[in-house]
Number of protein chains: 2
Amino acid sequence: MEGNGDTRDFKALRRAATKLSLLTDDIRSRMLADMADAFERNIGRIRQANDEDMAAAKADGIGDALLHRLRLDEAKLAGAIEGVRTVASLACPVGRVRERRLLDEGLVLEKVTYPIGVIGMIFEARPDALIQIVSLAIKSANGIILKGGREAMRTNAMLVRIIQETLDGAPFLMLLESHDDVDAMLRMEGDVDLIIPRGSNAFVRYVMDHTHIPVMGHADGICSVYVDRSADIGLAVKVATDSKVQYPAACNAAETILVHCDVAQRVLPLLKASLDGYGVLIHADERSMAILGDVDGVVPALEDDFHTEYLSLEVALKVVDSLDEAIAHIACHGSHHTDAIITKDEEARRRFFDEVDSADVFCNCSTRFADGFRFGLGAEVGISTSKLHARGPVGLDGLTTTKWLLIGSGQTVAEYSGPSARRFIHEDLPL
Amino acid sequence: MEGNGDTRDFKALRRAATKLSLLTDDIRSRMLADMADAFERNIGRIRQANDEDMAAAKADGIGDALLHRLRLDEAKLAGAIEGVRTVASLACPVGRVRERRLLDEGLVLEKVTYPIGVIGMIFEARPDALIQIVSLAIKSANGIILKGGREAMRTNAMLVRIIQETLDGAPFLMLLESHDDVDAMLRMEGDVDLIIPRGSNAFVRYVMDHTHIPVMGHADGICSVYVDRSADIGLAVKVATDSKVQYPAACNAAETILVHCDVAQRVLPLLKASLDGYGVLIHADERSMAILGDVDGVVPALEDDFHTEYLSLEVALKVVDSLDEAIAHIACHGSHHTDAIITKDEEARRRFFDEVDSADVFCNCSTRFADGFRFGLGAEVGISTSKLHARGPVGLDGLTTTKWLLIGSGQTVAEYSGPSARRFIHEDLPL
């Protein structure tokens, strides 16, 4: 067993990542299967390490929500292990030919997917995230540097130890332990190709401000559901409710509901009744307030409410005069994550899709569908609100780059220049 | 005619970009045709503005290379105008469905290309670059902020004036005039989506250090040609020479030639004779020096030579013991731009392609083919050595992002959760 000795030997990590990339997909998928088996054989050790983390967290007076995320019980572990096997079964994301073009006789260009190289992933105190991230890294043949939440330290170390025991030391994998290690990583331009920080906007900004390595930000979400004048009212209430309550702590949960004035009288009382069933507090603008009245579960919205990511059972509610006003509201207050329109009007849907500048734009379904698993990506490292590279749920594809490969037979550019230049054929070939 | 009044009204620019994106591709292509016609009608005004720039540059004692780039004569202008028409004729890059998946009955997901939004482009003193960049921006339906080289100020202003006269003020286009304007743009996070700085590495780094807007860096190039032991010697000499001399000031020109020791005795004298024909100065390592002797046109290489982008008729030459040494040399000294192998050995080619981590990796053809036009992209805004988003020559595709569009019929995530969860179908549909 090699291990990766110095946890800060980034150059050795890159060499190991290159070796990983030169294996076949079959071998990498076999590694994932072995890893899944090893987790199953070692449930006892994992549970014990997690119990220690839980005990320490309780002793530190950590809140219930975080404890819930930290806890890796047998059900969660079984789900994570099933996830490893799902990732193993996905199509290989590297070596895919995206374009193939005949430039001239005997001169063929291909654009082919390759691993990015070495990815630094900073994530929160959910040890099952580590399992998912390592699976995606192995499948996409990237080296991976992990920094998990401090609270999950013992669980993460045990998971990594089991992976190392199973995969010949797993030298393509590095677990950082301290903030100093993270700062060292942020300085490793040239050795680390991409940083993916999960966490608050402030944290993502800190990372961006302290590195020249590209950062793929996985942002918080201020998502909206807009109920159009032509919406099916029952459908609107059902979908808006699900968007808010199905898992309010998620970044794709709705924080704002906008309702067209023509249907507000009908929608709002039904929506209020539906949200009441889950104990949702409504921050209502003046016009919604006028319809709903000054009743339990409704408070007047302040301007800040429309910029707030509650991540809890609270929602901002506003009556708008038009589709245009809804689109303008989302442009001004949203976070370009996920926004939905509820409408039967095809023209309204088309305008909403074209004009709302968000990673995910939905019609007649819950914002909570914005998720790598639900999208059929197999798994995700997070949701990107950046417009570059990967946007929306980021699965294996987002962990690849491309190379242009050109095979010739002695061609020079001089032959294609000047008065008697050869002309290019530029014919797209079948993929 | 509207114009865009305040040259720093970035919000008005975004509104205009959105309007541009809502037009059809036919209309945008018609705009390009009108623009090409207008340039042809106004050749006199353009030439006069360019003459003034040239006179001012000469008075300032500007060097010949820059004067050459600055000069927009009738031939260059005709080429640029033809380029506008070529861009107009390309397939529309937005609205393309990249993925389409049935998540469940009545729940269809699409990944569709959209314009990025507003792009800030900082480019050098070549006024024909402005014409190409504006063409690409209009075709891809992006708003564009331009800052050209100071020396081309009058020519650029005239080109923009003609575009504004032709395209109802072209409010999706903004020409910045001062460095203060550039600094203002770098602060406009949220209003500007992407900055593309062309120029030196130091300049690109300055831009990255002074903005939170994503930057797509178009880097300098230290490109290598490796002559393998199994190379066709004549082909190797021809391709290596073209890679160096066809346009030495380009970023895709070769700066280093690596030769396998088994063929060095045969290759080096022929290579020297070929390069002599163009007056190339060879910086030879010790082993090449021993073969070539201490003759005219050959000087001993210093370590720095292998890290130098000459951009002129100079080249570094090194004898290597193996393919592995060549790959390692390129990893250590190259700039991940364009590298070529000359070989008849399919296994050597495959290893070079898989292990050389560059945007463009070629076999048996010149590094100078790394270019958007030669690749069949129609045109390019530059060559990216970043691994994220666009890599290699960046054409229209690199100016697009994607949205995930999901159309449902009232689905909630609650239905797909828990013990009696519906299962997703996740069937890829034809594009």
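Two strands pair if DSSP finds at least two bridges between them. I took helices (H or I, at least four residues) and strands (E, at least two) as DSSP runs, numbered from the N terminus.

**Conventions.** I worked on a predicted model, in which local features need pLDDT of at least 70 and side-chain atom pairs count only at pLDDT 80 or more, while totals for chains, interfaces and linings use all residues. Residues are numbered from 1 along each chain as its sequence is written, chains are lettered from A and ligands numbered from 1 in the order in which they are written, and side-chain values use heavy atoms, with hydrogens and water left out.

**Strands in chain B.** I looked up E1 (residues 97-104) and found it joined to E2 (residues 107-115) of chain B by 6 bridges, the two strands running antiparallel. B:Glu99 stands opposite B:Lys111 in E2(B). E1(B) and E2(B) form a hairpin with 2 residues between them, and I noted a positive phi of about 75° for B:Gly106 in the turn. E1(B) also pairs with E17 (residues 427-428) of chain B, in the antiparallel sense over 2 bridges. There B:Arg101 stands opposite B:Asp428.

**Interface of chains A and B.** I next counted contacts (heavy atoms within 4.5 Å). In chain B, 70 residues touch 70 residues of chain A. The two chains bury about 5900 Å² between them, 59% of it on carbon and sulfur atoms; this is the accessible area (1.4 Å probe) that two parts lose on being put together, summed over both. B:Leu388, B:Trp404 and B:Val413 lose the most area on the chain B side, together 12% of what that side buries.

I then searched the interface for salt bridges (a side-chain nitrogen of Lys or Arg within 4 Å of a carboxyl oxygen of Asp or Glu). The rule finds 6 between chain B and chain A. I recorded the salt bridge of B:Asp193 with A:Lys387, whose closest N and O atoms are 3.3 Å apart. Strand E16 (residues 400-411) of chain B gives the most to the side that touches chain A, with 11 residues.

The bridge partner of A:Leu406 in E13(B) is B:Phe362.

A:Tyr416 lies in the loop between E16 and E17 of chain A and B:Phe369 in the loop between E13 and E14 of chain B, so the pair joins two chains.

**Salt bridges overall.** A:Glu40 forms one with A:Arg85, the closest N and O atoms being 3.0 Å apart. A:Glu40 lies in H2 (residues 25-41) and A:Arg85 in H5 (residues 74-89) of chain A, so the pair ties together parts that are 45 residues apart in sequence.
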